Amino acid sequence: MALTESPELAPGANPRPPASPESHSTPLSERLTGFLTNQQTILLLVLIGMVVVFSILNPIFFSLDVFGNVLLDWGPVALIAVAETFVIISGGIDLSVGATLGFSGVIAAYAMQAMTAAGMGDSITILCGTLVAAATGMFVGFVNSLLINRLHLVPFIATLATLGAAGGMSIVLTGGAPVGDGPQSAIDLSVPWLGPLSWPLIVVIVVVIIAGLFLHKARFGRYTYAIGSNPFAALAAGINVKRHLTKIYVLSGLLSGLAGMFLYIRLGSGAPTSGVGDELDAIAAVVIGGVALAGGIGRMSGTVLGSLILATVTSGLIIIGVEPNWKQVVVAILIAAAVSLQALRANGKRS
Amino acid sequence: MKRIIQTVGAVSIATSLLLVASACSSTTTATPSTPGAKSLTIAFVMGAEADPFFKAMKVGATAETSANGDKLIWQGDPSLYSPATQIPIVDQVLAQKPDCLVLIPTDPDALQASVAKATAAKIPVVNVDTHVTDLSNVVSFITGDNTQGGAAAADQMATAIGYKAGGSYKVVAGLTSATATTNVDRLKGFEDQLAAKYPGVTVVDTAYSQSQPATANSNVSNWLTKYPDLAGIFAIDGTNATGASSALQAKGLTGKVALIGYDAYKTNVDLIAKGVFTALIAQNPAEEAKQAIDACQSFIQTGKSSIAAKVTLPNITMNKDTSAADLTKYTYVQ
């Protein structure tokens, strides 16, 4: 499993076990053992197990309708969890994703309110709203990167500051109430038409796939792993670390902005309280998915499965009639289990 | 050079954001006093600046104080409805020695000591919306009637689902938290009224949104799947109303499942005409604030005997029969 992938890293320069994003040249038998013991397989089994248990407890769970509900919850969490995956693999953390989600949704809502008032069509309005949300998110991400690269704040503090600023601005601008009077057909877009999939979900799936390719198949991803494994070695290997971190935080903002637009479409209005605390869901999804908070380790498929498990728990508990606050307890157990699994595997490798 | 410009840019953005945030989190409204009359300083410590309910309250308080030439100190946490942040705010306000303190306690027990502190400093205290456990030192308590609001919601629900004795109907209730007294009272009023007048209606499920409209939407989406024969939804506050109305629209069940909401956010009031909301129960926060200011003034001028210890303001029911003028009048100001 532990194959060095990043060619930019000088051999021996990495103090930690290096990232293993790809395994092109591994023999088949080893790949099979790897498959059965890796975190993704275990997560998939956990997910299937949950679906089976929920379906036994209430057969109505096993329906397109419920899968649609699960995916609707999954969409925004998946986007910010993907954002968090890049940031955490690079060795940082982005606490501002939830606040950026809410702030982007509010700014996009005002833009769409103005466009609707000006008599513009729904499709063009929603398209522009999406661009505004994305741009707002990218702006917050850029501020994060300035705070980190220029003012040398650690990512935790830098993004804590933008979390407060973006969250506060949403409330200041709206006075706490949702911003409506936007395109009438926004909510209709949330209606599934392809099995459990609606248009926004299809966009999310495409974005997640592209992000996965960027992380595992492109130079962008290799740089991300290299910086997260050892920023000094990455620098020595000729990677422009600051420029790459800027790209990562702007990408994180962009994905958070898209998540804000996703929620706008779902609710038909931009709610300033949207996204409050969602950064913790994103971090939970990423950690459950096997990404190490220390950086340099993790896979996109893990994040996708982690976020799917979170969304499944939410809907499942409502369908089987269990108090939804139990979700937090279930998630806590999953996080503890996922991290101990990582620790066990790391020990196994060392011996 | 480029680096300097970027650094300066970053610093200026950060500073301006901080300035905006700090300027808006503590708004102190001073109004010119009318000559002749003694001008009072009335401190008003509310729950959370972010809530439109309190925004509407501020409008009422500002209008009433400026009409009398009094000075209003309006304070509260920007977004958190929490005793942990409210207690230091009360302390800070009391240090300014106001003539009267209007307090919306975020916790009935935690804020008791703050009331005692004010009383010791001879500053009279009025409670609005919620109250501290021991009201003996509180001049007056002015509130909307949450229990009555819940009962009114039950009446609207029965009408909307075409209740007939002997029938059996399933309804659900979307709540925000298990401990908010407003939630508890509204749900109690709702369930008591159902039990007394509409025994065929059962509340089959409840869930909490934690102030997140997306969570409220998720709860309702799943209920609509779980109970294909669901007759109605009681969304207990503005957040739940937003989540429930969007879920209902996305599932194409507008008008097929009755939706009774609470709180008059503009986005929700607009949905009455579209038939998404069968009815909204609205409070009258501006009037509550006005009466609290009045209680302060008459206490200082004439003493406690002239003031009612508890004033309960009725809720307003908004539905498709409500006139456009009334809909506008009772929509919370933003």
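This is a predicted model: local features need pLDDT of at least 70, side-chain atom pairs count only at pLDDT 80 or more; totals for chains, interfaces and linings use all residues.
## Helix packing and the A–B interface

The crossing of α11(A) with α12(A) is right-handed. On the α11(A) side, Asp281(A), Ala284(A), Ala285(A), Val286(A) and Ile288(A) make the contact, and they meet Gly302(A), Thr303(A), Gly306(A), Ser307(A) and Leu310(A) of α12(A). Sorted by class, this contact has 5 nonpolar, 4 polar and 1 charged residues.

Over in chain B, there's another helix pair to look at. Helices α7(B) and α8(B) are oblique to each other too, with a packing angle of about 45 degrees. Their crossing is right-handed. From α7(B), the contact draws on Pro213(B), Ala216(B), Asn217(B), Val220(B), Ser221(B) and Leu224(B). Facing them in α8(B) are Thr239(B), Asn240(B), Thr242(B), Gly243(B), Ala244(B), Ser246(B), Ala247(B) and Leu248(B). The class count for this contact comes to 7 nonpolar, 7 polar and no charged residues.

Here are the two pairs with their geometry:

| Helix pair | Residues | Angle | Axis distance |
|---|---|---|---|
| α7(B) and α8(B) | 213-226 and 238-250 | about 45 degrees | 7 Å |

Now for how the chains meet. Chain B and chain A bury about 3600 Å² between them, and 61% of that area is on carbon and sulfur atoms. Chain B puts 43 residues into the contact, and chain A puts in 48 residues.

Side chains of opposite charge can pair when their charged atoms come close. Over all chains, the structure holds 10 salt bridges. One pair that crosses between chains runs from Asp181(A), in the loop between α6 (155-174) and α7 (199-217) of chain A, to Lys266(B) in helix α9 (residues 266-273) of chain B. The N to O distance for Asp181(A) and Lys266(B) is 3.0 Å. Across the interface of chain B and chain A, the rule finds 2 salt bridges.

Conventions: Residues are numbered from 1 along each chain as its sequence is written. Chains are lettered from A and ligands numbered from 1 in the order in which they are written. Side-chain values use heavy atoms; hydrogens and water are left out. Axes are lines fitted to C-alpha atoms, for helices over the stretch in contact, and angles run from 0 to 180 degrees between N-to-C directions. Helices (H or I, at least four residues) and strands (E, at least two) are DSSP runs, numbered from the N terminus. Angles under 35 degrees count as roughly parallel, over 145 as roughly antiparallel, 65 to 115 as roughly perpendicular and the rest as oblique. A crossing is left-handed if the near helix is turned anticlockwise from the far one by less than a right angle, and right-handed if clockwise. Contact means heavy atoms within 4.5 Å. Ala, Val, Leu, Ile, Met, Phe, Trp, Tyr, Cys and Pro count as nonpolar, Asp, Glu, Lys and Arg as charged, and the others, Gly among them, as polar. Buried area is the accessible area (1.4 Å probe) that two parts lose on being put together, summed over both. A salt bridge is a side-chain nitrogen of Lys or Arg within 4 Å of a carboxyl oxygen of Asp or Glu.
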